[in-house]
Each structure stands twice: as structure tokens, then as C-alpha cells.
Amino acid sequence: MDDPTKRIVPPRGAAPTHKAKNAVQRSVTALLDELAPERVLRRIEALQGPVEQHRSPNGCVLQAADSAVSVTWFAEEAKGHSLGELHVIVWRGTVARRGATRGKKGATIVTELVLHPIEPPADDCLWQETDGTQYNTASLAAKCLALLQAQVGT
């Protein structure tokens, strides 16, 4: 596993500002809106496509037939010195969601990415992977979709 002492994101000396927290929360919301837009109640539901989009307050799951990608935001506690972290997990199988009945066979993790917000953002990039790769919201959404597509293709 990764050595936590070799983190690329420098440790913070002081608690993050409200402005920084709000900017990160807006970016998380934009990413989730891009991947799995909020559903609007209608009289007739649209037919499900090849990828089901499930949204929760702090994340989303993109579920294909035999694989999925989940994106979850973990905000730090109120007195923490970090803004939080974003976990992108690629799954093989069907991911159980809150409130849904569980199948007989659970999903297994294929790949996991952990991203941290960059403060202040570098250029247009707000997210940094533990290996130093930086993403803006659009490129991170494209990365998540590419991870799912790669898993579906295998």
C-alpha cells in the first residue's frame, strides 16, 4: 500500500478557511452532477440505460452490468486541518447501495484512487492524486467514466 508519510499534498498548518471549504464542496457537487445528475420526479420514469446512475448526498455509483465506479466525498471534521478526500473506486460486480436489497454475491474492488483538494487550486486543477496527477472537475469526471469503460471492456 501507499506510505502515508510520502504524501504529495503538504500537511496543513492551520484549519482551512470557509472559502476553501466552499470551493471544494462546489467542486464535489459539480463532479457528482456531471457523473450522476440529480433525478427529477416525473409521472413516467425513463428507461434505464446501459449504466445506472445512483446519487447520494456525498457520492454516486455508476453501475454497469458487471462492474461499477463509485465516487465518495469524505469531508474532514469541523476542527480538522484538511479539506477532506475523494475516493474513486472501480468495482467488479454489483455494488450494494443504502436501502437496497443485497444480492448473494458482493462486489470486489479492482482499483481505488484517493484524491485530495489542492489549496489554492493550481491553474484550473482542484484535485490531486497521491501520485501527484492533477485534475480539474471535467477531467476527473472523464477519468471516472474511462475507468468504468475500461472495466466494462474487459
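The model is a predicted one.

In soluble globular proteins, nonpolar side chains tend to be buried together. Here the largest nonpolar core comprises 27 residues, and Val71 and Trp127 have the most contacts inside it. Two or more residues of this core come from each of helix H1 (18-35), strand S2 (59-63), strand S3 (67-75), strand S4 (84-92), strand S5 (108-122), strand S6 (125-129) and helix H2 (137-153). Of these elements, H1 gives the most, with six residues. Apart from this core lies another, of five residues, among them Val61, Ile89, Trp91 and Val95.

The surroundings of Val71 can be described in detail. Leaving aside residues up to four places away in sequence, Val71 touches Leu31, Leu32 and Leu35, together with Asn58, Gly59 and Cys60.

Five of the five residues of S2 are buried, so the strand is largely enclosed by the rest of the structure. In a regular strand the side chains alternate between the two faces of the sheet. In S2, Gly59, Val61 and Gln63 point one way, while Cys60 and Leu62 point the other way, and all are buried.

The neighbours of S2 in the sheet are reached through hairpins. S1 and S2 run antiparallel and are joined by five bridges, and the hairpin between S1 and S2 passes through two residues. Within this pairing, Glu52 stands opposite Gln63 of S2. S2 and S3 likewise run antiparallel, with five bridges between them, and a hairpin of three residues joins S2 to S3. Here Val61 has Ser70 in S3 as its bridge partner.

Which kind of geometry does the aromatic pair of Trp73 and Trp127 adopt? The structure holds one aromatic pair. The ring centres of Trp73 and Trp127 lie 5.7 Å apart and the ring planes stand at 75 degrees, so the pair is edge-to-face; an angle over 60 degrees places a pair in that class. Trp73 belongs to strand S3 and Trp127 to strand S6, and the pair thus links distant parts of the chain, 54 residues apart. Trp73 is buried, with a relative accessible area of 7%, and Trp127 is buried, with a relative accessible area of 0%.

A charged contact is considered next. A search of the whole structure finds one salt bridge, in which the side chains of Arg55 and Asp33 meet at 2.8 Å, N to O. Arg55 lies in strand S1 (residues 52-56) and Asp33 in helix H1, so the pair ties together parts that are 22 residues apart in sequence. Arg55 is partly exposed, with a relative accessible area of 24%; Asp33 is also partly exposed, at 35%.

A polar atom of the Asn136 side chain lies 3.2 Å from the backbone nitrogen of Ala138. The backbone nitrogen of Ser139 is 2.7 Å from a polar atom of the Asn136 side chain. Not counting residues up to four places away in sequence, Asn136 touches Asp124, Cys125 and Leu126.

Methods. Residues are numbered from 1 along each chain as its sequence is written. This is a predicted model: local features need pLDDT of at least 70, side-chain atom pairs count only at pLDDT 80 or more; totals for chains, interfaces and linings use all residues. Side-chain values use heavy atoms; hydrogens and water are left out. A nonpolar core is a set of buried Ala, Val, Leu, Ile, Met, Phe, Trp, Tyr and Cys residues joined through side-chain atoms within 4.5 Å. Buried means under 20% relative accessible area, exposed over 50%, partly exposed in between (1.4 Å probe, protein chains only). Helices (H or I, at least four residues) and strands (E, at least two) are DSSP runs, numbered from the N terminus. Contact means heavy atoms within 4.5 Å. A polar contact is a pair of N or O atoms within 3.5 Å; within protein, one must be able to donate a hydrogen and the other to accept it, and residues adjacent in sequence count only if both atoms are side-chain atoms. A salt bridge is a side-chain nitrogen of Lys or Arg within 4 Å of a carboxyl oxygen of Asp or Glu. Rings of Phe, Tyr and Trp (its six-membered ring) pair if their centres lie within 6.5 Å; planes under 30 degrees apart count as stacked, over 60 as edge-to-face and the rest as tilted. Two strands pair if DSSP finds at least two bridges between them.
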